[in-house]
Amino acid sequence: MSARRLNWTPEALSDLAELAAYAPAAALRAVEAIDAMASRGFNYGLRLAGTPARWYWPERPAAIYYTNDGLTLTVYRVV
């Protein structure tokens, strides 16, 4: 598998900033997990039911929602 380009939506960056304000270690783990997925070109998450290309990765206390089209991994929410 090859590396993916990594994008964060403005909403995801805002979510990440909020997470970092109250759980900085969790925010760092979220960034590290997504970076690892993009770098390795491999999804560790679970596909969301009823969606063709949306994925979920739990990074307690948050959850990372992203898409992966084979070229780009886009984080769209961290909630």
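Analyst: Glu59 has 13% relative accessibility, so Glu59 counts as buried (buried is under 20% relative accessible area, exposed over 50%, partly exposed in between, with a 1.4 Å probe and protein chains only). This is a predicted model: local features need pLDDT of at least 70, side-chain atom pairs count only at pLDDT 80 or more, and totals for chains, interfaces and linings use all residues. Residues are numbered from 1 along each chain as its sequence is written, and side-chain values use heavy atoms, with hydrogens and water left out.

User: Which strand holds Glu59?

Analyst: Strands (E, at least two residues) and helices (H or I, at least four) are DSSP runs, numbered from the N terminus. Glu59 is found in strand β3.

User: Which side chain joins that of Glu59 in a polar contact of 2.9 Å?

Analyst: A polar contact is a pair of N or O atoms within 3.5 Å; within protein, one must be able to donate a hydrogen and the other to accept it, and residues adjacent in sequence count only if both atoms are side-chain atoms. Glu59 makes one with the side chain of Trp57, at 3.4 Å. The 2.9 Å contact is with the side chain of Arg29.

User: What pairs with strand β3, and over how many bridges?

Analyst: Two strands pair if DSSP finds at least two bridges between them. A hairpin of 2 residues joins β3 to β4. Tyr56 has Tyr65 in β4 as its bridge partner. β3 (residues 54-59) pairs in the antiparallel sense with β4, over 6 bridges.

User: How many residues of strand β4 are buried?

Analyst: β4 spans residues 62-68 and is mostly covered. Of its 7 residues, the buried ones number 5.

User: Which residue in the turn between β4 and β5 has a positive phi?

Analyst: β4 pairs with β5 (residues 72-78) in the antiparallel sense over 5 bridges. The two form a hairpin with 3 residues between them. The phi in question is about 95°, and the residue is Gly70.

User: How do helices α1 and α2 lie to each other?

Analyst: α1 (residues 10-22) and α2 (residues 24-40) pack at about 140°, with axes 5 Å apart. Axes are lines fitted to C-alpha atoms, for helices over the stretch in contact, and angles run from 0 to 180 degrees between N-to-C directions. Under 35 degrees counts as roughly parallel, over 145 as roughly antiparallel, 65 to 115 as roughly perpendicular and the rest as oblique. Therefore α1 and α2 are oblique.
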